[in-house]
Amino acid sequence: MTTCIPAGTGSLHYSATLGKGQGCRKTSWVSGVTFKRCIQKELSWSRGVSKFLQIQRCLRYALEVAKHGSVAVITKAEPHESNTNYAQGGVSAVLCPSDSVESHMHDTIVAGAYLCDEETVRVVCTEGPDRIRELIAMGASFDHGEDGNLHLAREGGHSHHRIVHAADMTGREIERALLQAIVNDPNISVFEHHFAIDLLTCQDGSDTICLGVDTLNTETLEVIRFISKVTLLASGGAGHIYPTTTNPPVATGDGMAMAHRAQAVISNMEFVQFHPTALADEGLPIKPTKSRENAFLLLKLDVVARSIDDQLKKHNEKYVLLDISHKPREKILSHFPNIAAECLQYGLDITRQPIPVVPAAHYMCGGVRAGLQGETNVQGLYVAGEVACTGLHGANRLASNSLLEALVFARRAVQPSIDHMKSSKQDPKQKIGELEAKWDEYLFQQGWEPTMVGIEACEMRNLFCCAELVISSALARHESRGLHYTVDFPHLEESKRLPTIIFPCSSVKSTWSSRQLHKQLMS
């Protein structure tokens with residue numbers, strides 16, 4: 001199934017100073033946004049140009065490519081703030097002698113409603129164990145059993161015990177180990193509180209080439225430009241397109257929206273996984289005074305989420321109750337220490353009281369379409385993690401496969417990135433300068449005036465974009481499969497077992513994409 005969605009229908013303006021030069025009051029147009037800038041000096045580190053650029057966090061990738069050049073890791077908030085940090089379940093991998101790659105593949109494909117890409121599934125399930133061993137070698141500490149071996153849990157959809165975990169804080173432990181390694185690497189620079197506005201792209205014939213990204217320093221409101229031959233997006237999902245979500249506040253679909261505006265192909269956005277047992281504020285003895293960043297509790301199936309939602313609507317209720325108080329207190333606290341502590345803050349003892357829960361948006365199975373090396377159709381742009389659609393999850397994600405996917409594709413993207421960096425004949429800095437000169441002339445002719453805009457407007461633009469991608473993808477699928485269920489087409493249709501592919505349209509009226517603006521100038 002294919003559909004075509006314009007990359008945008010409006011313009012976004014802001015005013016800021018870039019670099020350390022002074023006295024320049026020049027207006028420029030870059031990637032669909034307008035700003036005042038100082039052009040005397042670009043970033044002073046690494047001769048002004050980074051060889052590798054990573055937006056948000058794919059720390060395993062950064063550590064590997066840093067062996068071959070300088071790396072800028074750009075984070076929207078603090079380095080630890082990401083969906084990974086709140087991943088409670090674990091990482092799935094074939095580490096038990098009675099388990100097999102074929103069994104893991106079968107479980108993944110069945111969970112994905114047979115929409116998974118089989119080659120991708122084989123790659124991830126085969127390479128997963130080595131990625132786990134690498135994490136352990138780097139200092140990640142996972143739970144062990146009494147026999148001294150890794151404690152392997154079994155979650156819904158898995159036929160074997162294969163979930164490596166660190167209590168109910170697995171993602172946090174993985175991120176802790178990787179962040180420590182990042183801090184100790186002299187080739188890696190971390191830029192906190194830098195919101196990625198748009199990717200910098202240019203055209204080479206029919207090819208779109210990524211040259212870096214424009215960011216907004218949300219503490220100083222300065223626009224900082226990062227120029228690089230290779231950019232990897234690891235910006236997470238878009239849970240906040242829905243009113244309830246397990247995602248942290250930073251998950252506003254920024255990477256998906258940026259990639260779409262940069263003409264990247266998007267796939268399977270209709271498959272949004274809802275967690276059935278997110279903590280419901282309305283049912284807590286002590287109501288939270290501000291938005292909580294971490295809410296989900298216990299893993300169930302998408303069928304459970306739909307069933308709960310159906311009952312809530314039928315009975316006009318705001319939540320249902322989940323009761324695990326029949327389990328031994330010690331077992332509950334050892335398995336779910338973080339959850340127990342979170343609930344206790346609001347007057348709820350999960351060892352004695354039922355837990356108010358509600359379904360909430362949890363994970364995007366779709367995203368920027370990627371190949372087996374994490375590559376996209378935009379040259380120099382790679383993706384990993386929830387922002388990517390690799391074909392692993394198909395129509396529904398198997399429990400604990402998401403962290404595994406991120407680890408595998410972060411590693412697989414390393415060598416192609418190095419090869420691209422070495423072989424690229426593009427001079428990103430010179431190319432951006434040439435495009436800016438043409439854009440400046442065009443803007444002055446049109447009478448553009450820059451105005452200030454903050455991170456909220458940028459996030460809202462991205463949320464609207466992702467919401468449109470989800471809705472358009474859902475309307476294009478005339479069946480119910482996996483996470484996608486519609487009363488208009490309630491049955492699964494074998495003839496429609498195809499991924500949804502979104503190709504951005506070219507439109508002279510659209511101004512959010514640098515590619516589209518460039519085409520205007522050339523016409």
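## Surroundings of Thr252

Leaving aside neighbours within four places in sequence, Thr252 is in contact with Lys76, Gly237, Ala238, His240, Glu459, Asn462 and Leu463. In this predicted model, Thr252 is placed in the loop between E13 and helix H5 (254-261), and it counts as buried because its relative accessibility is 4%, where buried means under 20%. The side chain of Thr252 makes a polar contact of 2.7 Å with that of Lys76, and another, of 2.8 Å, with the side chain of Asp254.

## Nonpolar cores

The largest nonpolar core has 46 residues, of which Phe52, Tyr61, Val71 and Ile188 touch the most other members. Among the elements that each supply at least two residues of this core are helix H1 (59-65), strand E6 (71-74), helix H3 (118-137) and strand E13 (222-234). Apart from it lies another core, of 36 residues, including Ile266, Met364, Val378 and Leu381.

Beyond its neighbours within four places in sequence, Phe52 has contacts that include Tyr61, Val71, Val230, Ile418 and Met421.

## Salt bridges

The count of salt bridges comes to 24. One of them joins Arg60 and Glu134, with the closest N and O atoms 3.3 Å apart, and this pair links helix H1 with helix H3 across 74 residues. Arg60 counts as buried at 9% relative accessibility, whereas Glu134, at 22%, counts as partly exposed. Both residues belong to a network of salt bridges whose members include Glu64, Lys67 and Arg411.

Elsewhere, Arg477 forms a salt bridge with Glu270, the closest N and O atoms being 2.6 Å apart; the two residues lie in separate loops, so the pair ties together parts that are 207 residues apart in sequence. Arg477 also meets Glu479 in a salt bridge of 2.7 Å, N to O, and Glu479 counts as buried at 0% relative accessibility.

Conventions: Residues numbered from 1 in each chain as written. Predicted model: local features only at pLDDT ≥ 70, side-chain atom pairs only at ≥ 80, totals over all residues. Heavy atoms only, no water. Core = buried A, V, L, I, M, F, W, Y, C linked by side-chain atoms within 4.5 Å. Buried < 20%, exposed > 50% of the residue type's maximum accessible area, 1.4 Å probe, protein only. Helix = DSSP H or I, 4+ residues; strand = E, 2+ residues; numbered from the N terminus. Contact = heavy atoms within 4.5 Å. Polar contact = N/O pair within 3.5 Å; in protein donor to acceptor, adjacent residues only side chain to side chain. Salt bridge = Lys/Arg side-chain N within 4 Å of Asp/Glu carboxyl O.
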